[in-house]
Amino acid sequence: MHRVLLPFEFAEPTTVRGALALIDGEKTRALAGGVDLVLRMRLRQVLPEKVVSLQKLPHLDYVRADDLGLAFGALASLRQLEASRAVREGWPLLAEAIGSIGSVQVKVQGTGVGNLCVGTPASDVAPALYALGARVRLTGLADEREIPIEEFFLDVGKTAVRPHELVTEIVVPRPPAGSGAAFMKLAKTSEDIAKVNVAVMVSVGDGAYADVSIALGSVAPTPLRAVEAESLLRMAPVGEAAGVGNPAGAAAANRVSPALEATGNPVSPGLEAAAQAAAQAAVPISDVRSTASYRKEMVRVLVKDALARATARALAGRSDVQAPGGVS
Amino acid sequence: MRDALDKNPGFDPRSGGTSAPSTTGAPPATSRTIEGEFSCVGKPLPRPDVAAKATGAAVYGADLVLPGMLTGRILTSPYAHAKILSIDTSKAKALAGVAAVITHEDVPKLRFTRSVMAEGLPPFAYEGENQDQFILSDKARYVGDWIAAVAAVDTYTAEKALDLIEVEYEQLPAVFDPEEALKPGSPIIHEGWPGNVAGVIDHPFSRGDLDKALADSDYVVEFRGRNSRQKQAHLEPDVAVARWEPDGRLTVWSPNQNAHLAKKTMAQRILGINEGDIRWITTTVGGGFGARLSFGVEPVAVLLAKITGKPVKVFVTREEDFSGWSSRTEQRQTIRMGVTKGGTITAIEQRILSDAGAYFSHSGTISAVNMQATLGVMRSPVVSGKATIVYTNNPTSSGMRGYGNPEGSFVLQQAIDMAAEKCGMDPLEFRLKNAKGTGEPSMWEPVTLTSCALETCIRLGAERIGWKEKWHGWGASTGAAGPSPGGRYRRGVGMSIMTHASGAGGFLLEHSSAIIKLDEDGSVQLAVSPCEMGQGILGALSQIAAEGMGLRYEDVHVITGDTDVTLFDIGSHASRSTYAIGNAVLDAARQVRATVLERAAGILETSPRALDIRGGSVFVKADPTQTVAVAEIARGAIYDYGLEGRHITATGKHQALTHCPNFQAGFSEIEVDTETGVIKVLKYVVAHDIGRAINPLTVESCLQGGAYQGLGYALTEDLIIDEHTGKVLTDSFATYKMLSALDMPEVEVILVEEPDPSGPYGAKGVGETGITNVAPSIANALYDACRIRIHSLPMTPEKVLAALAAAPQSPDYNGG
Ligand SMILES: Cc1cc2nc3c(=O)[nH]c(=O)nc-3n(C[C@H](O)[C@H](O)[C@H](O)COP(=O)(O)OP(=O)(O)OC[C@H]3O[C@@H](n4cnc5c(N)ncnc54)[C@H](O)[C@@H]3O)c2cc1C
C-alpha cells in the first residue's frame, strides 16, 4: 500500500490539438477532474508515465442547448450539468441521475465526460444518457467520429476511446413531446455507488406508449438497454399498463421520495411484465455492495417503479427537476 | 433543593438531591429546572478546542515536523497465514536515503498485547491478557500483519524501499470463521494456544441452577445474533512520532487515548526500561472511538528512532488502517431467557463466541464487559454467562465505542421482546417490570445503584415517539400505521434499553488526578491527563473547575496529554472522563477555592465562611458590595514580599470502586419497503440518564453522534473480509459505507437529570452510550412492522428481503 504517487510527466496543453499531440498511447492518461484517475494512480491500478491535463483547454466546459439538442464539452462538471436550467427543463432525466450522486465535492470536481470515460457500468450518468439516446464525439489528430453511447461502453473499465483520442463532446437529442422519464437507484448510502440504477423514458400518445427506453446500470459489464422489456410496452395502452386510473399516480409524478410514490398505485400487469423482462436482461455479480440475486430482483422493482413514475410524469406533462441545494 | 442551591453555589453533590427531569429536543436545553443556579455548569458553553479544529489550525500528529525527522513506513503481509522463509532487505538498504530497514530479527524479544488499557486491570486479571505479538511479526497471521519497516528521508523513498524488500513466504492454510477455528485439525495460529482458544471467560456473577430455572420457566426464548466488525473510522489515520533525547529518554507523540498506560506498556512490556524514561505526549486526537486504547504504530516509530538515532514519524494509509488492528470485535452470541406467564424473568443465559482475529488485543476485556452490561441490566435470579475467545486469521479487533454493549444489546433486546411477546406483554411494560433500579446491584454486582432514571427515560422516550399510538401489539396485523395498511410500505416502532458504566471502578484501576494552578492574573491552568478526542472533555472539565472555584469559564486553560506534566490517569475511555476526572478536578477546585477564601478573609476582615466567589470575585455574602478580585489574591500570593508567598495550587483525585452506571432508552420508528427491503428510519429518540449535564450542548451532540454511529452500525457499516483470502474488501470509505448527513433521520435527544450523589455536580457518563440502543430498537421496530427478525448486523436490504421471503405472511399482506 502506498501513499505517494509514482513520478510521472505532467503536461497542461492549452489547445485540443496540443493535447492530442501529447496523448500518445497506453502509457498516457488524460486528466479531467482527476477524481478517478488520481485515486487509481495512488492505488497503483494505473501507472501512467505521462498525465495530460485537460484543465487548461479553453471553452470545453460548455453546456449548450438548442432546439435540436443538448451538447456538453469534456470539461463540463457534473455540478454544472445538474445545476443547468436548460438541462433541468429539457433533459430532467439527466439532472435527476446526477442529482442522485450524493457527494457535492465529487460533482464539483468530476466531469460528466470523465464519469463516462472511467467505463464503469455503475455510472449514474450513463443509464440516463442511454435512455436519452446520447452520442459521444471522439476527436483524434487526424479525424473525428461520433458514436451512439451504447457503442462507447465495451466492458468493465473499457471504452471505445482509442489511444490517440479524446472525448470532446456529448450530444443528447431533445426528448419528444409528451415524454416522461425517471431515474431510480438503490445504494447503501446516498453517497455510494449504485447497487442497481435504472433510467427510463416513455413517450405517450393517444393513450398508448409511443416509445419506451429502459436503461440499466450496475447489473452487467456495461450499462445496458432492456430491449425486450421496451418492446413489450411499445404500443401498449397506457392506462392499463401503468394503472394510472389511480389519481395518486399523477400526484406522485414529481415526488422525490419513492417511498410515498408507488403507494396505493397498484402496478398493472403490463408494467410488471416489462419489469420482469428487464430483470431477465440483467447479468449482475455479487460484490461488496450487493448480491447478484438481490440486484436482479431490484431491476424488476426499480423498472416497475420508474416506469410508473415516468408514465405519471408524461401524463402530467411536467417533469422538470428542482435545482439542487445552493443553486438557483 | 433550590433554596439550598441558592445559598451554596458550591453545592456538595454528595448531599444528594434530585430535580425534575428536563428534556432537550432542538433547540437544546431550554427547560432546565436548575438553570441559573450555577454560573458555568449546565450551560451550553462553546468548547475550547473546536475553533482550531474547524479552521484547520489544530496540530495533529501528521502535522508534526521535527528537525532531522525521518519517515517510517511498514511492509504488510499479503497473505492471511504464512511462514516467513526469508527476508532480503539488501536492495532496500542500498537505496539512497534509506536509514534503516528492520524485520522481526531486529525487534525486542518481548511479547506484548496491543491493549494498553489492559494495564489498568488488577494483576490476576492481567494474566488473562495474552502476550502474543512482537513489534514485527515472525509469521504472517492476517493480511496486513506487520512484516518489516523502513525509515527514510521522505515518504517516497520509504515506500520505494518497501517495494524493494523481498520476502519469501510459505503460505499456510488459514481459517477465518471462529467456529471453524475451534474444530480439530484447524490451522494453528499461535503455537502457545492449542485449538486456537485464546481464552475462556466465565461471567463472575453467574449464579443459580440454569437448567432447572429454564425448565421451571413458563416460557423460554432463545435468540442468536452476530454483530459486524464496525470500524472506529476516526478521521485521523494512525500516526506516531518518536525521538530518543540526548539524555537517553524517549519522547513519543501519538493520539493514544491512555497516555500513562501507553507509557507503562512501552516501558515495561516492550523496551524493558523505566516508566520515567518515557515522556508520552498526546497530539490532537482526530477521533478515537476506542481504536486508540491500543497501540497503533507507536512501537514501530520507537524502534526505528532508536536504530537510526533520529526522530521518526510513522503513518499508515486509510487502506492499511482498515485492514489492520482495530475494529469492533465480531461476537456470535446466544441469549436464552426464561420468564413466568406474568412476565417476570427467571433466568438469563449468554454465550459468546468472540473472534479476536490474529492477536488478542481487547477481545477478552470486551467479552467480559459485554456480559456485565448485557446480563446486568435486567433483574434475574439465575444468571449464566460464558465467553470463548478464538484466534482466526482475520485482522485484529479491538475495543470500540460501547465496548461490548452494542454487541450484547443487539441480541439481548430482541430476546427481551420475544419474551414479552410470549407473555403477551407490552415490551415497554415488560422492561419496566424487569429492569433494575436504585438500591439494586449494578452490573458489577458488589456495587449498589445509587441512582437510576431509567423509568423516566422510558416514559419520556415513549411519549416522544408516540409508543401508545404506534406500537402495533403482538396480535395485530402489522403495518397498520403505514401509509398503506398491510401494503408495500410498513411502519413499526421498537425500543431498547441499556446500562453503561461511568468509569470502570470495581473492575479496572479507577484512579485519576488533576492539578490546578492559580496564576497571578487570576487565570487557571488545569493539568489533566485525558485526551480531547472530540468528546468535549476540555470544555466540561473547565466548566467543573470554574464552577468549583467561582471563576469564569474563560479563565480556565487546560493542559493535557503530557505525562511529564499531568498526574496519573487511566485515560479517556469507559465513558469516564467527565465523571471520574471531573471529580478529581472538582476536588482540586474546592481546595483552591478554600485557599482563596482564606486569603480573602484576611483582606476583607471576616471569616471564610462569610464569603462566596462568583465570576472571579470574592464577596461578603451579607454585603455583596464588599469584594476582592481573585486575581488580586492570586497576584498577592505570588508577589508576596514577606514570607507568606505561595503560588496557589491544588491536586485533586478521584478513586473509586464503583462506576455510577448511567441508563438510557432508545426508540426507533421505521418504514420498511417490503419490495426493496430498505429500512428507512423515520425518527430516533434517545433519553439518557445523565445525572447532570455539565454542558447540555456537548451531551446532546454526543448522543447525536452516537445515534449517527449507531445507525451506521445498524444499517450499512460492514467490514467485509474475503472468505477465501482474508483480505478486507471494504478498505476505504468508498466501500465501507458510513452514513452522510443526507441519510440521517430526525434524532431527538432527551436529557434526564437526576443528579447522582457520587458524580461532579451529580453528573454521570454518556460518552459511549449513544450508539447502543439504535440497532436493537430498529431490529424490534422491524418486527413490529413486518414480523421478521434479523440475526446479524448490519441489517441490509438484502437480509430484510430474504427474511421477508422466509417469513409466514400475515393474511392481509400483499407486498412483493
Ligand atoms: C466519493 C465518490 C463518490 C462517487 N459517487 C458516484 C456516484 O454516486 N455515481 C457516479 O456515477 N459516479 C460517482 N463517482 C465517480 C465520479 O463521478 C467520477 O470518478 C468522476 O466523475 C470522474 O470524472 P473526472 O473528470 O474526475 O475524471 P478523471 O478522473 O480525470 O478521469 C477518469 C478517466 O477518464 C479519462 N478521461 C477523462 N476525460 C477524458 C476525455 N475527455 N477523453 C478521454 N478520456 C478521458 C481519464 O484518462 C481517466 O482514465 C464517485 C466518485 C467518488 C470519488
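**Salt bridges in a predicted model**

Visitor: Is Glu119(B) buried or exposed?

Guide: Glu119(B) counts as buried, at 6% relative accessibility, where buried means under 20% relative accessible area, exposed over 50% and partly exposed in between (1.4 Å probe, protein chains only). This is a predicted model, in which local features need pLDDT of at least 70, side-chain atom pairs count only at pLDDT 80 or more, and totals for chains, interfaces and linings use all residues. Residues are numbered from 1 along each chain as written, chains are lettered from A and ligands numbered from 1 in written order, and side-chain values use heavy atoms, without hydrogens and water.

Visitor: Which residue does Glu119(B) form a salt bridge with?

Guide: Its partner is Arg269(B), with the closest N and O atoms 2.8 Å apart; a salt bridge is a side-chain nitrogen of Lys or Arg within 4 Å of a carboxyl oxygen of Asp or Glu. The pair links distant parts of chain B, 150 residues apart, since Glu119(B) lies in the loop between β3 (98-103) and α4 (123-126) while Arg269(B) sits in helix α8 (residues 259-271). Helices (H or I, at least four residues) and strands (E, at least two) are DSSP runs, numbered from the N terminus.

Visitor: And how accessible is Arg269(B)?

Guide: Arg269(B) is partly exposed, having a relative accessible area of 22%.

Visitor: Switching to chain A, what does Glu82(A) meet?

Guide: The side chain of Glu82(A) meets that of Lys107(A) in a salt bridge, at 3.1 Å from N to O. Glu82(A) is buried at 5% relative accessible area, and Lys107(A) is buried at 3%.
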